[in-house]
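Subject: Structure handover and findings

Dear colleague,

Here is the structure I said I would pass on. My notes on what was found in it follow below.

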Amino acid sequence: MATTKMEGRAPPKGNIELFSPTYFAACGLGGIISCGPTHTAVTPLDLVKCRRQVDPKIYTSNLSAWRSIFAKEGLRGVFFGWAPTFVGYSFQGTGKYGFYEVFKYYYGEKLFPNANKTVVYLGASASAEFIADIALCPFEAVKVRMQTTLPPYASSLREGWAKVVAKEGYGGLYKGLYPLWGRQIPYTMVKFATFETTVNQIYKTLGKPKESYNSLQQTGVSFLGGYIAGIGCAVISHPADVMVSKLNADRQPGESGGKAMSRIYGNIGFRGLWNGLPVRIAMIGTLTAFQWLIYDSFKVSLGLPTTGGH
């Protein structure tokens, strides 16, 4: 059985000590940089995906959707919902990547030093995402309502936040937390475990140790590993993604989460849970690839090793 050997066995090139508080803080900052801007960049895809999940007949295709939105609302309409996306996924990014590094170190080095690597990756990523989603959930709730209701529920993050709190209290911002965990935790487990495994396999196939390649080549491996991981992420988390969109757009006041999900599933069926999957594969594959590229490039800029390949 393979055992964990973290990248901390080799000294870093920069001034940041591996697995120190500064190191984990740097990883959290890298998560902000890699997640906030990338999720914001694909807002046009996310906007159309969310609307088609809620109403499959609203647009005939993604291209026709963007044409229609741009003709009526201009570029601002195409990027509608960018603010809660940027803020929410920046918070999520620092939790996802920062706490992943924390849990990977403590699970793999301190608590279970002889554990299988993949088990450590899965446990660390699940733990990190559990925390990250608590930060993401309020912003995701506002974003989905803004994007899936016509006319829009609100025209800005501030307005949307205020309306939810005024009508439903702060609990309204968290009514999608359980399905968000159901979507994001499996997603992140696949994202990190598949990435780490893929990167290890790439270096094994190349036949040379990771350290024999320069920084550009190593970040190129990170990009490829990220894209492969992203495809798996999209597929495994898509039904929950559809349900999150439906719940935030169509859950009745006072309706329990279980009852709402049962009612929604009764309306859309199993097939409806897969609405918009091709768009999500394209979006998440590209998104995940660039997130790992940005994250590892940031680590390299600080003199830290890239992720995986050990």
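For sorting lining residues, Ala, Val, Leu, Ile, Met, Phe, Trp, Tyr, Cys and Pro count as nonpolar, Asp, Glu, Lys and Arg as charged, and the others, Gly among them, as polar. On that basis, the lining of the largest cavity is made up of seven nonpolar, six polar and nine charged residues. Please keep in mind throughout that this is a predicted model.

Cavities and pockets

Rolling a probe the size of a water molecule over the atoms shows where empty space is left. In this structure there are two cavities of 30 Å³ or more. The volume of the largest cavity is about 190 Å³. Its lining consists of 22 residues, and those nearest the centre are His39, Asp46, Tyr89, Arg183 and Met283. Six helices each give at least two residues to this lining: helix 2 (43-54), helix 4 (82-111), helix 5 (117-148), helix 7 (177-206), helix 8 (215-250) and helix 10 (277-301).

The second largest pocket holds about 170 Å³ of space. Twelve residues line this pocket, with Glu168, Lys175, Arg251, Gln252 and Pro253 nearest its centre. Helix 8 provides the largest share of that lining, namely four residues. By type, the lining of the pocket has three nonpolar, three polar and six charged residues.

In soluble globular proteins, nonpolar side chains tend to be buried together. The largest nonpolar core here contains 28 residues, and Phe19, Tyr23, Phe24, Tyr97, Tyr100 and Trp292 have the most contacts inside it. Two or more residues of this core come from each of helix 1 (21-41), helix 4, helix 5, helix 7, helix 8 and helix 10. The biggest contribution is that of helix 7, with six residues.

Aromatic rings and charges over them

A pair of aromatic rings is described by the distance of the centres and the angle of the planes. Across the whole structure, 23 aromatic pairs were found. In one of them, the ring centres of Phe19 and Tyr23 are 5.4 Å apart with the planes at 80°, and because planes over 60 degrees apart count as edge-to-face, the pair is edge-to-face. Phe19 and Tyr23 are both buried. Phe19 also pairs with Phe24: the centres are 6.4 Å apart and the planes are at 35°, so this pair is tilted. Phe19 and Phe24 are likewise both buried.

One aromatic cluster is formed by Tyr97, Tyr100, Phe192, Phe195, Trp292 and Tyr295.

The charged end of Arg145 sits over the ring of Tyr153, 5.5 Å from the ring centre. Lys163 lies over the face of Tyr153 as well, at 4.5 Å from the ring centre.

Backbone points to check

Most residues other than glycine have a negative phi, and most peptide bonds are trans. Phe19 has a positive phi, near 65°, and is not a glycine. This residue lies in the segment before helix 1. At 16% relative accessibility, Phe19 counts as buried, because buried means under 20%.

The peptide bond between Leu150 and Pro151 is cis, with omega about -5°. Pro151 is in the loop between helix 5 and helix 6 (157-168).

Single residues

Is Lys96 buried or exposed? Its relative accessibility is 2%, so Lys96 counts as buried. Lys96 belongs to helix 4.

Tyr59 is in the loop between helix 2 and helix 3 (62-78). Its relative accessible area is 10%, so Tyr59 is buried.

Leu304 comes in the segment after helix 10. With a relative accessible area of 5%, Leu304 is buried. Leu304 and Leu18 are 286 residues apart along the chain, and their C-alpha atoms are separated by 7.9 Å.

Regards

Key
Residues are numbered from 1 along each chain as its sequence is written. This is a predicted model: local features need pLDDT of at least 70, side-chain atom pairs count only at pLDDT 80 or more; totals for chains, interfaces and linings use all residues. Side-chain values use heavy atoms; hydrogens and water are left out. On a 1 Å grid over the protein atoms alone, a cavity is a set of points where a 1.4 Å probe fits but cannot get out, and a pocket is an open set with protein on both sides within 12 Å along at least five of seven lines; lining residues have an atom within 4 Å of a point. Grid points are joined across faces, edges and corners, and a volume is the space filled by probe spheres set on the points. Rings of Phe, Tyr and Trp (its six-membered ring) pair if their centres lie within 6.5 Å; planes under 30 degrees apart count as stacked, over 60 as edge-to-face and the rest as tilted. Buried means under 20% relative accessible area, exposed over 50%, partly exposed in between (1.4 Å probe, protein chains only). A charge sits over a ring if NZ of Lys or CZ of Arg is within 6 Å of the ring centre and within 35 degrees of the ring normal. A nonpolar core is a set of buried Ala, Val, Leu, Ile, Met, Phe, Trp, Tyr and Cys residues joined through side-chain atoms within 4.5 Å.
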